[in-house]
Amino acid sequence: MGIKSFFRLVEIQTKVASVIPYILGTVFALYKFDNFNVKQAVLFFLSMIVFDMTTTAINNYVDYMKAIKKEGFGYEEHNAITKYRLKPKRVLGIIITMLIISAALGIMLFLNTDIAILIIGVVCFGIGIFYSFGPIPISRTPFGEIFSGLTMGFFITFLAIYIHIFDQGVLNINISNWSVSVLIDIKMIMSIFIITIPAITGISNIMLANNICDIDDDFVNRRFTLPIYIGKEKALKLFRALYYIGFIGIVVGIVLGILPIVSILVLVAIKPVNVNIKRFFELQTKKDTFVLAVKNFVITNVIYIATIIIGCLI
């Protein structure tokens, strides 16, 4: 397998959906806690990115194996296994290898932090694997947007913060003599959730846009996603609303003093986001307009991250 076909298999261009929450968590840890641990940051980043590639490869592998409709853009062009005539056994071997590497890096991170990292990591691994694998993969249900948004938007950001402040009492889990005690700083957890809202809604919309574009093929291939359940018209309205919820989350964060006042500048992204929403409303195809959801996510969150960095400096 060549580098080009491997990158297509793991859809390397989509890794921005995990890298941006990672950067968001990192800069927020610097802004709010003035903490940064290089070793933990590197271990988490590598484990996260390798696992993200693993889940994408699993998704393409399962789609290839379960495909009923074997023609059209989604099958012939979008899936690397078909496009590059990859052997399914070799793809499966690559998936297992990446899963082992990601798990090993995650265990190293746990050994350098605390058990909360292990527990949250196991949950995220489970969601990532069963998102595409199993008798009823999450991606083939109406809950794909919720799970992808929370797992990548919230949990990646939370972990990117937590690895730098695990010893500051935000989340303490103690296990001894068959008893478990959990101490949670609810105020801080809620603060972190608020700052992740733009990432959660943006990533959910990437999945939603993908499912809207694939609505016809998904129905044939028995992928009963959210747009199939609620219809394309309501799915498009939800697509638009989620972006506004993200902007509202930033305003709430500023009002509550969680984010720097300069983060209000993120609202300048409303104009280009609205332009892209309008274009997506006019045409919904994987080939032509799906990328608009990715662009909206990047535009909003890059400006968002930049304002937090400015907050660190001033």
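Colleague: Let's start with Gly257: is it buried, exposed or partly exposed?
Modeller: Keep in mind that this is a predicted model. Gly257 is found in the loop between helix H12 (232-255) and helix H13 (270-282). Buried means under 20% relative accessible area and exposed means over 50%. Gly257 has a relative accessible area of 44%, so it counts as partly exposed.

Colleague: What distance separates the C-alpha atoms of Gly257 and Ser191?
Modeller: Along the chain, Gly257 and Ser191 are 66 residues apart.

Colleague: Which residues does the UniProt annotation "transmembrane region" cover?
Modeller: The annotation comes from an unreviewed UniProt entry. One of its spans, residues 12-31, is 80% helix and 0% strand in the model, with end C-alpha atoms 29 Å apart. Another, residues 146-166, is 95% helix and 0% strand, and its end C-alpha atoms lie 26 Å apart.

Colleague: Let's look at helix H8 then. How far does it reach from its first C-alpha to its last?
Modeller: H8 runs over residues 144-165, which is 22 residues. At 1.5 Å a residue you'd expect 32 Å. The model comes close to that, at 30 Å.

Colleague: Where does H8 bend?
Modeller: Follow H8 along and you'll find a bend of about 25°. The residue to look for is Phe155.

Colleague: How many of the 22 residues of H8 are buried?
Modeller: A residue needs under 20% relative accessible area to count as buried. H8 is largely enclosed by the rest of the structure, because the buried count in it is 18.

Colleague: H2 packs with H8. Is H2 parallel, antiparallel or oblique to H8?
Modeller: Helix H2 covers residues 16-33, and its axis is 8 Å from that of H8. The two pack at an angle of about 40°. That angle makes H2, relative to H8, oblique.

Colleague: And is the crossing of H2 and H8 left-handed or right-handed?
Modeller: For this pair, the handedness goes with the way H2 passes H8. The crossing is right-handed.

Colleague: What about H2 and H3: is H2 roughly parallel or roughly antiparallel to H3?
Modeller: Helix H3 spans residues 38-66, and its axis comes within 10 Å of the axis of H2. They cross at roughly 160°. Angles over 145 degrees count as roughly antiparallel. So the relation of H2 to H3 is roughly antiparallel.

Colleague: At what angle do H3 and H8 pack?
Modeller: The axes of H3 and H8 are 9 Å apart. Their arrangement is roughly antiparallel, and the crossing is right-handed. The angle is about 160°.

Colleague: What about the loop between H2 and H3: is Asp34 buried or exposed?
Modeller: Asp34 sits in that loop. Its phi is near 55°, a positive value in a residue other than glycine. The cut-off for exposed is over 50%. At 63% relative accessibility, Asp34 is therefore exposed.

Colleague: Which phi value does Trp178 have?
Modeller: You'll find Trp178 in the loop between strand S1 (171-176) and strand S2 (179-184). Trp178 is exposed, with a relative accessible area of 90%. Although Trp178 is not a glycine, its phi is positive, at about 60°.

Colleague: Is Asn221 buried or exposed?
Modeller: Asn221 lies in the loop between helix H10 (215-220) and helix H11 (226-230). From Asn221 to Ala235 is 14 residues in sequence and 19 Å in space, C-alpha to C-alpha. Its relative accessible area is 13%, so Asn221 is buried.

Colleague: Last one: what distance separates the C-alpha atoms of Phe110 and Lys295?
Modeller: Phe110 lies in helix H6 (residues 88-112). With a relative accessible area of 22%, Phe110 is partly exposed. Phe110 and Lys295 are 185 residues apart along the chain, and their C-alpha atoms are separated by 34 Å.

Notes:
Residues are numbered from 1 along each chain as its sequence is written. This is a predicted model: local features need pLDDT of at least 70, side-chain atom pairs count only at pLDDT 80 or more; totals for chains, interfaces and linings use all residues. Side-chain values use heavy atoms; hydrogens and water are left out. Helices (H or I, at least four residues) and strands (E, at least two) are DSSP runs, numbered from the N terminus. Buried means under 20% relative accessible area, exposed over 50%, partly exposed in between (1.4 Å probe, protein chains only). UniProt positions are given in the numbering used here, feature names are shortened, and annotations may be inferred rather than shown by experiment. The expected span of a helix is 1.5 Å times one less than its number of residues. The bend at a residue is the angle between axes fitted to the seven residues ending there and the seven starting there. Axes are lines fitted to C-alpha atoms, for helices over the stretch in contact, and angles run from 0 to 180 degrees between N-to-C directions. Angles under 35 degrees count as roughly parallel, over 145 as roughly antiparallel, 65 to 115 as roughly perpendicular and the rest as oblique. A crossing is left-handed if the near helix is turned anticlockwise from the far one by less than a right angle, and right-handed if clockwise.
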